Amino acid sequence: MAEEKKLSRRDFLKVVGVAGAAASMSTFPFRNLSAQAPFGKHPQEQAPYIVKKKVAQVCARACEADCAYYVVVGVDPVTGLERALTLEGRPEDPVARGKFCIKGMSFVDSLYDPDRLLVTLKRTKPKKGTDNDPGWVTVKTDDAVNEIIAELKKYKPSEILMASPGDPYTNKLAKSLGTTRSDQRTECFGTHYYINCLTITNPPNKYYSSTYTPSHHIAGYDFDKAKYQVWFGFDSYSKAGKAGMLNHWSEGKKNNCKIVMFNPVKTSMADAFATEYYSIKPGTDLAVALAMINVIVANKKYNTAFLKKYSDAAALVDTKTKLTLKTKEGALMAWCSQHRRAEPIDTCHAPVLDGGPFKVDTVEAKPVLQLLKDATKTNTPEWAAQITDVPADVIRKTALGFAAAAPYSFVPTYKRDAAGPNYANSWRLRHAISILNTLSGSIDHEGGVILLHGVKIPWLEDISAPVKPYPEQPKEPVDFRNQFPVTDDIYRNKDFSAPGHYGMVGWGLYNTDRAKVVFFRNPHRGLFAMIQPQMAEAALEKMKLVVDWNLYLDDLGYWCDYVIAAPHQFEEGKLDVRLYFPKWPCFVGGSPVQKTTGDQIGWGGLAVKLGMGLAPQYWTTDGSGDPKKKVPLNVGDVALKEAGAAKDSAEFMQKGGFWINKKAYENYKTLGEIGYGRPNGRVRMFIDEFSKVNHEPLPIWAERWHKTKDDYKFSLLITRAPWNMHADPNFINNPVLKKMTEKSFMDCVWIHPDAAKEIGVNEGDMVILENNPEYMKQVPRPVKAKVHLTKRVTRNDCVLTFHGMGHRAKNLKVASNNYGYRDGDLIPQKDPSIVKKYDPTGMGWVEDVYVRIRKA
């Protein structure tokens, strides 16, 4: 605890940092602060707060970087009341390194948001929708939970949908009930997650952790020491708010890392970090990636040593079945040039990377690298240039520069970049990116793609196994994941936290009677997380029970029967790994800043109550259902003790809530531990699972799904203001962030001035955006928005929209009031029969849309 000291207003504003800079505005609407004269110190100035303590916390749900910092708490000398005031960075955190963003400051502010939900609400009027009064009455949270349990008992497990990410409590709850769990992360990083699983992380692996972002999703890149990077739409506006990563990008720039960016929008990230920027036709990044592979493979500029020892490049593939050859024990086979025969790849004396076909018994087989060369033979830079509008010499130069910098060269991906899940071909692009990173040998190498290692936060089942197998998951789930065997197998058998198929769940709710109950875990798991939310709205009207657990009463409330009050992020403890920069084994923790201020319940506590009420045999150690024998929930204690960080969470927080083992990064060690063929793990470029469902096991060119037609010619681009996260009212309902959004025109849709001139639109005009009815046949809903003309949009055939606005909830005094538009209204929920033709991972293709723009 820090020593108590008085803090003057002037000094306080210095501490605030980012928010302090904003204080120069004539009105300063942060609830915690007030505008002060920036110069001098008035002799009559009195300290409004006495700083009392600093509470360690971890930023949760502002973004997945999860920066560690302190929440500074002061006391009002007049009233004696404590209040969170601001943040202070933790330089020892390897992710944030002492930095934090304005979203973190907004969490401080939202502790005192008058629109926070402090009590549980129950509907008394049956008619649902934004134009209807729910007739809310307050009920005790415990009573509401008991009523909900009684209602849930009326329905089959297959009729219940849990709309929640795969945290340890949701996973156990959904598995113990035998219900489907689905969530919006498919629309954030679904393709990244599944391709990572199929090529590298091989779930479940020894470091599979119960973290908010699934640990099989690779998000670790050594930007600091990289020498060459290629960004396919990675430079979104939303990343301009990731303080935890901006410091690493800046470090890389200081070390002269070259970054080549391809994006139809020239963002502030490009201004700050791009060595070269090229405008690209939306949805064609795959062509550039394939052409880069073509140049590298054709010229043998790949990392041969890595390919032979740590990849499947030498693995033999049956040219007819398109399946890899394996031993009886399941080991890959390679052709030995010395013995002229197929041998297990790990013991092959002289594995060949190209040539063939080779005769193995009655089978003709070729090595994976040769098949990759064959598959990309026609994908030359000249071919790609015609598709992408990127010059051929640029593509060739980029490929050769990328290869020359190996293994300190990589293509980074997080979420909502071109690789996923924006287009019907995004899964192919993400596959191609994995191959590029394999060809450079950057995977699990310092200065490249760094993997989580040395730490694990266990799952509830790891510390108390269920006494009997969980019931089977529904055979016909409402999100249709059963129709996508590749990803369904991962979800059912390897990683239940795998993202659900939210791009089809609305279609399933609307077009089938499979679900009768929907249970949302908010924030941002509700309507704003869904594409085509109007389809979900219509479907929710017919549901028998809709429940939301939320910090706010947002738009979803108009369709809910109960809204259960959730605590604020700073009212709960946390333990996290450093998934976004896992160079060293590290734990960071957080303690509650204050007690809950109302009748709220945490998600873990709620899940336990529901589990004990509905499936007690799985929530007790002996299956008896005895409340005195509940399964232990102390996953943090176990994680910390196993790492040697502390005997338990209490001791860990007493020590400051931070532990790190700054040992040297051991290149390729973790890949061996977790990869395919472990303990001699390898990266896979060739994915047999795709062959088995009649898709190509190596990436090939494919166009996007949506085609232009007549006036439907503007490709929909989506980003997010740097200070917003989805549609979370912690940010959207903040008056200063709203003002920043408006001042930066991020409440508008953006088009190029030449495009505006062509359709007769001027700056500030109100326009209507609408999708082609051929692609949105059910429940269309055009969008009305103000237009901003800017050359930041570098093409005439695009329109840039910003995600997260358009709240209708009247009780959110800042977020509502005609603030912005809802981009998701333009993106169709997908018919699974269509998705299967294009994408074996079953994603939602959130930018695979062309719209018409006309004056309102």
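The legends below describe close-up views of a predicted model. In this predicted model, local features require pLDDT of at least 70 and side-chain atom pairs count only at pLDDT 80 or more, whereas totals for chains, interfaces and linings use all residues. Residues are numbered from 1 along each chain as its sequence is written, and side-chain values use heavy atoms, with hydrogens and water left out.

**View A. The open sheet β21-β22-β23.** Three strands form an open sheet in the order β21-β22-β23, with antiparallel pairing. Strands (E, at least two residues) are DSSP runs numbered from the N terminus, and two of them pair if DSSP finds at least two bridges between them. The edge strands, β21 (574-576) and β23 (658-660), each pair on one side only. On average, neighbouring strands of this sheet are turned by 10 degrees against each other, direction ignored; axes are lines fitted to C-alpha atoms, and angles run from 0 to 180 degrees between N-to-C directions.

**View B. Pairing of β22 with β23.** Strand β22 (residues 586-590) pairs with β23 in the antiparallel sense over 3 bridges. Val 588 has Phe 658 in β23 as its bridge partner.

View C. Gln 534 belongs to helix α18 (residues 533-540); helices are DSSP runs of H or I with at least four residues. Gln 534 counts as buried because its relative accessibility is 4%, buried meaning under 20% relative accessible area (1.4 Å probe, protein chains only). Leaving aside neighbours within four places in sequence, Gln 534 is in contact (heavy atoms within 4.5 Å) with Met 776, Val 779, Pro 780, Arg 781 and Asp 825.

**View D. Gln 534, Asp 825 and Gln 829.** A polar atom of the Gln 534 side chain lies 3.0 Å from the backbone oxygen of Asp 825. Gln 534 and Gln 829 are 295 residues apart in sequence and 9.8 Å apart in space, C-alpha to C-alpha.

Notes:
Buried < 20%, exposed > 50% of the residue type's maximum accessible area, 1.4 Å probe, protein only. Polar contact = N/O pair within 3.5 Å; in protein donor to acceptor, adjacent residues only side chain to side chain.
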